[in-house]
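Trainee: Please show me how to read the features of a model such as this one, taking them one at a time.

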Amino acid sequence: MTLSLREIDSHNYEDVCDLELQPEQVGFLASNTWTLVEAAYNSGYHARAIYLSDQLVGLVMWLQETPERISIWRFMIDCNYQQQGLGRHALSMVIEEIKQVPDLNEIEICYSPKNSVAQRFFASLGFIETGMDVHDEDMLAVILL
């Protein structure tokens, strides 16, 4: 079984919108529909579907906020595919793809400070907390390159 990041297009966008989180995760992440709208109407936003072979299992979106920093704004794995190591593998793939951008110094991610599962997961991949965002809503964490 191969994990891959694929473009989102007219053939798979509805399936991406139908991906689901665990009920306790819903309040921590914007809907996939909203994520696709953001990606469609904002230049520089990169949304990718996460596939396990030919099965859609997740979604990720990032943007280059400055020449030195890319921020991962969304990352989710469908509730039916969690706890299988797919999230770790997929986010590692995303990080490797992002690292190919020239002159990049850091990769940033944000999450609710109430989401201890996300905090532990991102920390295990090397993200180091830097403090709350300017709105004091989300925790920011970075990988320095």
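Trainee: What is the relative accessible area of R69?

Mentor: Relative accessible area divides residues into buried (under 20%), exposed (over 50%) and partly exposed (in between), with a 1.4 Å probe and protein chains only. R69 has a value of 23%, so R69 is partly exposed. Please bear in mind that this is a predicted model, in which local features need pLDDT of at least 70, side-chain atom pairs count only at pLDDT 80 or more, and totals for chains, interfaces and linings use all residues. Residues are numbered from 1 along each chain as its sequence is written, and side-chain values use heavy atoms, with hydrogens and water left out.

Trainee: With which residue does R69 form a salt bridge?

Mentor: The term salt bridge applies when a side-chain nitrogen of Lys or Arg is within 4 Å of a carboxyl oxygen of Asp or Glu. The partner of R69 is E106, with 4.0 Å between the closest N and O atoms. Because R69 belongs to strand β4 (residues 69-77) and E106 to strand β5 (residues 106-111), this pair ties together parts that are 37 residues apart in sequence. Helices (H or I, at least four residues) and strands (E, at least two) are DSSP runs numbered from the N terminus. R69 and E106 are also part of a salt-bridge network that includes E65 and E108.

Trainee: How many salt bridges does the structure hold, and where does the pair of R48 and E97 lie in the chain?

Mentor: There are eight salt bridges. In one of them R48 meets E97, the closest N and O atoms being 3.8 Å apart. R48 sits in strand β2 (residues 45-52) and E97 in helix α3 (residues 86-98), so that distant parts of the chain, 49 residues apart, are linked. R48 is buried at 13% relative accessible area, whereas E97 is partly exposed at 34%. Another salt bridge joins E96 to K99, with 3.4 Å between the closest N and O atoms. Both partners count as partly exposed: E96 has a relative accessibility of 42% and K99 of 36%.

Trainee: In what order do the strands form the sheet?

Mentor: Strands of a sheet pair through backbone hydrogen bonds, in either the parallel or the antiparallel sense. Two strands are taken to pair if DSSP finds at least two bridges between them. Here seven strands make an open sheet of mixed pairing, in the order β1-β2-β3-β4-β5-β7-β6. Its edge strands, β1 (3-7) and β6 (128-132), each pair on one side only. On average, neighbouring strands are turned by 30° against each other, direction ignored. Within the sheet, β4 and β5 pair in the parallel sense over four bridges, and I72 has I109 in β5 as its bridge partner.

Trainee: Which strands does α3 lie across?

Mentor: Axes are lines fitted to C-alpha atoms, for helices over the stretch in contact, and angles run from 0 to 180 degrees between N-to-C directions. A contact requires heavy atoms within 4.5 Å. Helix α3 lies across β1, β2, β3 (55-66), β4, β5 and β7 (139-144), and runs at about 155° to β4. Helix α4 (residues 116-124) also packs on the sheet, where it touches β4, β5 and β6, and its direction makes about 165° with that of β5.

Trainee: In what sense do β6 and β7 pair, and which residue in their hairpin takes a positive phi?

Mentor: β6 and β7 pair in the antiparallel sense over four bridges, with G131 opposite L140 in β7. Their hairpin has six residues between the strands, and D136 takes a positive phi near 60° there. Most residues other than glycine have a negative phi. Q83, which is not a glycine, also has a positive phi, of about 65°. Q83 lies in the loop between β4 and α3 and is exposed, at 81% relative accessibility. D103 likewise is not a glycine and has a positive phi of about 65°. D103 is located in the loop between α3 and β5 and is exposed, at 65%.

Trainee: What radius of gyration does the chain have?

Mentor: The radius of gyration is taken over C-alpha atoms, and the globule rule is 2.2 Å times the number of residues to the power 0.38. For 145 residues, a compact globule would have a value near 15 Å, and the 14 Å of this chain agrees. Buried residues make up 42% of the chain.
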